[in-house]
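Please examine the sequence and the structure shown here before reading on. The explanation that follows begins with a detail and then turns to the whole.

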Amino acid sequence: MEQHFRDTWAEVSLAAIAHNVQAVKRLYDKKKVEVIAVVKANGYGHGALQVAETALQAGASYLAVALLEEAIQLREAGIKAPILVLGRVSPKYAGLAAEQKISLTVFQKEWLEEAPSYIGPNRTISIHVKFDTGMGRIGMRTKEEAAAFFEYAKEQKAITIEGIYTHFATADELDLGYYEQQHKRFCEMVSWLEEWNVPPPLLHTGNSAAGMRFPEKAFDLFRLGISMYGLTPSPAIKAQLPVELKPAFSLKCRLVQVKKLPAGEAISYGATYRTTGEEWIGTLPIGYADGWLRYHSQRVGEVLVNGKRAPFVGRICMDQCMIRLPGPVEEGTVVTLIGKDGDDEITMDEVAARLETINYEIPCVISERVPRIYI
Ligand SMILES: *Cc1c(COP(=O)(O)O)cnc(C)c1O
């Protein structure tokens, strides 16, 4: 465990993560559908290893990451569960993936042609084939492409097709038209396999939104990302979700200085903020190098101090920023930037709205400089 000296930290509740996995799994009591816990990008900033271990214990059976690097880190930390890399990995590293028993996402015949020479004898790599049913990101789209791909794959002893999957673009929207179109396309694409005498492997389509909203449309697995962390895929469907999610991430620091200033004093770079009367100003040891972006003060962001709201004032610096306190507060008092304090809560959704983005982005950009404390 590395040492931390700073007065800024993120708290990650592993109990909340376990609760979320179990609550979502309960939607599948009547149907055998396994959970792939998505821990890419360091577990959406929560800590990939800790989240992976917790999710597996809570009943997830598979892990997914974006990069081969992320998969190898989990293997090196002793994770034995199956791991799928969701992004494209060069065929050059097929041997490495095979050795580490890491499944890769593949959607190009050229990949199949190149990979075997890197895998070596007596080894197989397991792959999940990606269909692009309308996300427009990665995957095969046409029957011709898929025919050539599966014909070639059949001949390859070193390659095992373990799964086929797709990804939805709008499963978190109220209008379900496009989601249904993608689902239909996937079913149609899977039906081609019969013609080619390819036995259907594991099939998966859903992300958090689809997995929670449409359990009846799930296949063998679904990929649980954002909601494992207790966050709603989009504010639009919040009221519809059949699961009570518990947010796992909070962000805190301690006031390093508190001072009383007279009217007309400037705060921070550019002296853009001036006190309008006598004001109590507190300094927080967090800034944009921690991922606490300068936007937070431009968009009237607030924090919680002793259960009360306090706004950022002046520009956010690289390592520090200032808030206007409701009154005198002791130095060392804990300030909540994300999370609950007393009866109030600053949700990830509030912070995301402030930055005109989605909740997914917020914990991801809180930099590694901010220690994650597991509770
Ligand atoms: C990130 C990702 C997921 C998880 O999506 P959530 O909305 O976070 O549940 C699932 N599938 C793929 C392919 C992804 O890239």
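In the hairpin of strand 18 and strand 19, which residue takes a positive phi? This is glycine 342, with a phi near 65°, in a hairpin that has two residues between the strands. The model is predicted, so that local features need pLDDT of at least 70 and side-chain atom pairs count only at pLDDT 80 or more, whereas totals for chains, interfaces and linings use all residues. Residues are numbered from 1 along each chain as its sequence is written, and side-chain values use heavy atoms, leaving out hydrogens and water.

Strand 18 covers residues 334-341; strands (E, at least two residues) and helices (H or I, at least four) are DSSP runs, numbered from the N terminus. Because six of its eight residues are buried, strand 18 is largely enclosed by the rest of the structure; buried means under 20% relative accessible area, with a 1.4 Å probe and protein chains only.

Strand 18 has several partners, where pairing requires at least two bridges found by DSSP. With strand 10 (residues 249-254) it pairs in the antiparallel sense over four bridges, and lysine 252 stands opposite threonine 336. Strand 15 (residues 302-305) is joined to strand 18 by two bridges, also antiparallel, with valine 305 opposite valine 335. Strand 19 (residues 344-346) runs antiparallel to strand 18 through three bridges, and lysine 340 faces glutamate 345 there.

The wider setting can now be considered. The protein contains 13 helices and 20 strands, and buried residues make up 53% of its 375 residues. Its C-alpha trace spans about 80 × 45 × 35 Å along the principal axes.

Terms used: Buried means under 20% relative accessible area, exposed over 50%, partly exposed in between (1.4 Å probe, protein chains only).
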